[in-house]
Amino acid sequence: MDVPAFIALVLIVSGLWSLAVWPQFLRRVMKDPRARDTAGKATKFLTVHVVLVTVSMVLGAATAGIGIAALVG
């Protein structure tokens with residue numbers, strides 16, 4: 001893969017940013033009163049946000065991995 005070093009660094013930083021920011025967001029969502037119903041079960045609000053965070057972190061890891069591969073390769 002022939003990617004300029006600057007672009008590879010942008011990909012790495014972008015991926016690391018996602019990996020750092022999304023878990024903090026999920027912690028806040030899990031504390032939100034809308035996350036659980038009166039019986040303590042997860043609501044759709046929580047489920048949707050868990051899926052959002054999971055997909056975003058997978059994409060963040062892939063982005064960082066591509067940046068590392070481009071920088072090393």
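Keep in mind that the model is predicted.

Let's start with Ser56. Ser56 sits in helix H2, which covers residues 44-72. Is Ser56 buried or exposed? Its relative accessibility is 14%, so Ser56 counts as buried; the cut-off for buried is under 20%.

What does the side chain of Ser56 reach? The backbone oxygen of Leu52, at 2.9 Å. That falls within the 3.5 Å used for a polar contact.

Next, the neighbours of Ser56. Leave out residues up to four places away in sequence, and Ser56 touches Ser18 and Trp22.

Trp22 takes us to another helix. Trp22 lies in helix H1, residues 5-31, and so does Phe25. The two are three residues apart, about one turn of the helix.

Now the rings. How many aromatic pairs are there? The count is one. That pair is Trp22 with Phe25: the ring centres are 5.4 Å apart and the planes stand at 90°, so the pair is edge-to-face. For reference, edge-to-face needs planes over 60 degrees apart, and ring centres must lie within 6.5 Å to pair.

How accessible are the two partners? Trp22 has 22% relative accessibility and counts as partly exposed. Phe25 has a relative accessible area of 23%, so Phe25 is partly exposed.

On to the surface. Which residues form the nonpolar patch? Leu9, Ile68, Leu71 and Val72. Together they have about 380 Å² of accessible area. H2 gives the largest share of this patch, three residues.

Take one member, Ile68. Ile68 is in helix H2. Its relative accessible area is 45%, so Ile68 is partly exposed. Patch residues need over 30%, and Ile68 has 45%.

Last stop, Thr47. Thr47 is also a residue of helix H2. Its relative accessible area is 43%, which makes Thr47 partly exposed. Where is Ala35 relative to Thr47? Twelve residues away in sequence, and 8.2 Å away in space, C-alpha to C-alpha.

To recap. Trp22 and Phe25 form an edge-to-face pair. Leu9, Ile68, Leu71 and Val72 make up a nonpolar patch on the surface. Thr47 is partly exposed.

Definitions and conventions. Residues numbered from 1 in each chain as written. Predicted model: local features only at pLDDT ≥ 70, side-chain atom pairs only at ≥ 80, totals over all residues. Heavy atoms only, no water. Helix = DSSP H or I, 4+ residues; strand = E, 2+ residues; numbered from the N terminus. Buried < 20%, exposed > 50% of the residue type's maximum accessible area, 1.4 Å probe, protein only. Polar contact = N/O pair within 3.5 Å; in protein donor to acceptor, adjacent residues only side chain to side chain. Contact = heavy atoms within 4.5 Å. Phe/Tyr/Trp six-rings, centres within 6.5 Å; stacked < 30°, edge-to-face > 60°. Patch = residues over 30% accessible without salt bridge, like charges linked within 9 Å, V, L, I, M, F, W, Y side chains within 5 Å. Areas by Shrake-Rupley, 256 points an atom, 1.4 Å probe, with all protein chains shown as cover. Salt bridge = Lys/Arg side-chain N within 4 Å of Asp/Glu carboxyl O.
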